[in-house]
Amino acid sequence: MTSTYRKEGSRLYLFSIVLVAIIGGLLFGYDTAVVSGAEKALEEFFRSGLGDAYTKAWHGFTASSALLGCVVGGAISGFMASRLGRKRSLIAAAAMFFVSAVGSWRPESALLPYGEPSMALLALFNFYRVLGGIGVGLASAVCPMYIAEIAPARIRGTLVSCNQFSIIFGMLVVYFVNYLIRDSLGDTAETIRTAMTAFGWRRMFLSEAFPAGAFFLLIMLVPETPRFLALKGRDAKAFAVLARINGTVEAGTILADIRATVHERHEKLLTYGGAVIVIGILLSFFQQAVGINVVLYYAPRIFENMGATGDASMMQTVVMGIVNIVFTVVAIFTVDKVGRKPLLIVGSTGMMVGMIALAALSFSDAIGTAALVFIILYTASFMMSWGPICWVLIAEIFPNTIRSQAVAIAVAAQWIANFLVSATFPSLSAWSVGGTYCIYAFMSLASAVFVWRRVPETKGRTLEEMSQLWRK
């Protein structure tokens, strides 16, 4: 048995490591979507004490303040991963998730009186949300990096794709948790509304502390990645990890390849011209400009605007989460067969149709199941295209020698666009809900044209071929 283990490695050990790592992705999805069930109660809570001082702009900022932290977390992720290591960076992210969950539950801490809305309390609440956002930014960069560096090359793509699946699954989990919390607060709409404003939103944020605490404890048990260990000259430990995953025979070959790339030559960011950088930035921009996170963060409110009542709107959000899971799986199994560009263009077309239909329903004051159908069409189109495939392209499209710098710029652009779109939705919807949907429909059309005209197909190309592609 020992001989077999040494030759083949342990697939169970590998999967257990990846399962722990993708909890970071789950928390990424959980933290960014938990506000969807709480944001309306948050608005009523702060408006009860601040009155007109709590404007739509303030609420847009509060609902999306975590995204500011995401920008910071993404920006420092490269520094932390290279200095502290991948594992310690994930430990730091887990700690931030936990502190953010507890702090958002009781932002008063020991500094302010409980339950009395004020600008000081608003500032503290947003501080804890920004802290959680930093954790999200770290996890969004380091989790895929950790999985890619720990996984054998032959199944690396599949395992890294599991992280995207876990993000969407985390959103589904929090939709369901938010629904259960709301459902437990009372029997009448007025009772539920009063309880949500008083303490229901607090319970929703606190619920994240449980998976965050589990992630913090479990990540202590996984090893550092062999690439980072080799980078730090700890070859013996790197070999031990590789041998347990791949077997001793293959471990020696892999370690030699890692050592050969530890001192990889770097080129200047604009060595291949500005087009590749601009395309990476625009991929990130369009992924957010089509309005997906508005649907994810404000889903219950959107359903209520379309005619659904409290519990029904939360249940429809859960249904939408299940659709997200199903169509993310569709993307995972088709991206290497159909190609990146066709899926992106089809997805953009589906999103445009969904948003145009929602705008028409809004302008005509039509409500009912049609709204749910077109929101599902919109989210399904996104999840089978721009959701996972944008991340695939950002990982593939840059030449090896500028990848770390270029990816950092693209990811930062994505979080900035995410924040701007999410923060402006309350003000835009106050102006015109239908007009807002028309803006997102136009962005969906523009994204299709952009992919058709400017984005190269990377299906079947090696990462090394990207250098030749952009030199041309």
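This section describes the confidence of the model and the packing of several of its helices.

The structure is a predicted model, in which local features need pLDDT of at least 70, side-chain atom pairs count only at pLDDT 80 or more, and totals for chains, interfaces and linings use all residues. Residues are numbered from 1 along each chain as its sequence is written, and side-chain values use heavy atoms, with hydrogens and water left out.

The protein chain has an average pLDDT (the predictor's confidence in each residue, from 0 to 100) of 81, and 85% of the residues score at least 70. Helices here are DSSP runs of H or I of at least four residues, numbered from the N terminus. Confidence is highest in helix α10 (residues 209–219), with a mean of 95, and lowest in helix α1 (residues 2–8), with a mean of 51. For residues 1–5 the pLDDT falls below 50, and this stretch has 4 contacts in the model beyond near neighbours in sequence; contact means heavy atoms within 4.5 Å.

Helix α5 (residues 66–83) packs on α7 at about 45°, the axes lying 6 Å apart. The two helices are therefore oblique to each other, given that angles under 35 degrees count as roughly parallel, over 145 as roughly antiparallel, 65 to 115 as roughly perpendicular and the rest as oblique. Their crossing is right-handed; a crossing is right-handed if the near helix is turned clockwise from the far one by less than a right angle, and left-handed if anticlockwise. Residues in this contact include G69, G73 and G74 of α5 and G133 and G137 of α7. By class, the contact comprises 13 nonpolar, 6 polar and 1 charged residues, where Ala, Val, Leu, Ile, Met, Phe, Trp, Tyr, Cys and Pro count as nonpolar, Asp, Glu, Lys and Arg as charged, and the others, Gly among them, as polar.

Helix α7 (residues 119–150) also meets helix α6 (residues 86–105), the axes coming within 8 Å and crossing at roughly 150°. This angle makes α6 roughly antiparallel to α7. The contact of α6 with α7 divides into 16 nonpolar, 6 polar and 3 charged residues, and the crossing is left-handed.

Helix α3 (residues 35–50) and helix α9 (residues 189–206) have axes 8 Å apart at an angle of about 135°, which makes α3 oblique to α9. The crossing is left-handed. Among the residues that meet are E44 and F45 in α3 and R193 and W201 in α9.

Key: Axes fitted to C-alpha atoms, helices over the stretch in contact; angles between N-to-C directions.
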